[in-house]
Amino acid sequence: MFKVFYPDKDAASAYDISFEELYKNGIRGVIFDIDNTLVPHGAPADERAKKLFLHLQNLGMESCLLSNNKEPRVASFARAAGSPHYIYKGNKPWRKGYQKAMEFMKTDAKHTVFVGDQLFTDVYGAKRAGIYSILVRPIHPKEEIQIVLKRYLEAVVLYFYHRDKKRKK
């Protein structure tokens, strides 16, 4: 019942993911959410984010930011972080934003991964688009009220996700 919201993998942070391993496995494009995935909600690009995008470029991987936020927020973050592509008002979890990101990066679903902190927008949208998804823990507890409310529902799904994950081992 909840499996449609299960990520393919989970990680403590976007900064803990082995992008070298993903590259070895054929991944050539990474789509990122911004707020609470790369930085706290509303925060500018920090040194970690800048280093991450430089690292991806050095590996030969494309990247794209996909956010439901407005253009000023997404564009300024993309410029500061060094992300060559971005999509604002991405309407996650609808497929269109994910598909547009893959067009920008010249990748397809098989060679793309999505990294985000929310199940019902980020992960669900990636799954709908056929993209491998990695759920990361939110960076900061301060969030907008609509996200706080969704976190209660996410907790239920994550309970079953972790339970099922343990059973597979």
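Two strands count as paired if DSSP finds at least two bridges between them, and strands themselves are DSSP runs of E with at least two residues, just as helices are runs of H or I with at least four, each numbered from the N terminus. The model is predicted, so local features need pLDDT of at least 70 and side-chain atom pairs count only at pLDDT 80 or more, while totals for chains, interfaces and linings use all residues. Residues are numbered from 1 along each chain as its sequence is written, and side-chain values use heavy atoms, leaving out hydrogens and water.

Six strands form an open sheet in the order 1-6-5-2-3-4, with parallel pairing. Strand 1 (9–11) and strand 4 (86–87) are at the edges with a single partner strand each, so one side of each has no neighbour in the sheet. Strand 4 pairs with strand 3 (residues 62–66) in the parallel sense over two bridges, and here Leu65 is found opposite Tyr86.

Next come the side chains. A nonpolar core is a set of buried Ala, Val, Leu, Ile, Met, Phe, Trp, Tyr and Cys residues joined through side-chain atoms within 4.5 Å, where buried means under 20% relative accessible area (1.4 Å probe, protein chains only). The largest such core has 28 residues, and Phe19, Phe32, Leu38 and Phe77 have the most contacts inside it. Helix 1 (19–24), strand 2 (29–32) and helix 2 (47–59) are among the elements that each supply at least two of its residues. Another core, of twelve residues including Ile31, Cys64, Met102 and Ala129, lies apart from it.

Conventions:
Buried means under 20% relative accessible area, exposed over 50%, partly exposed in between (1.4 Å probe, protein chains only).
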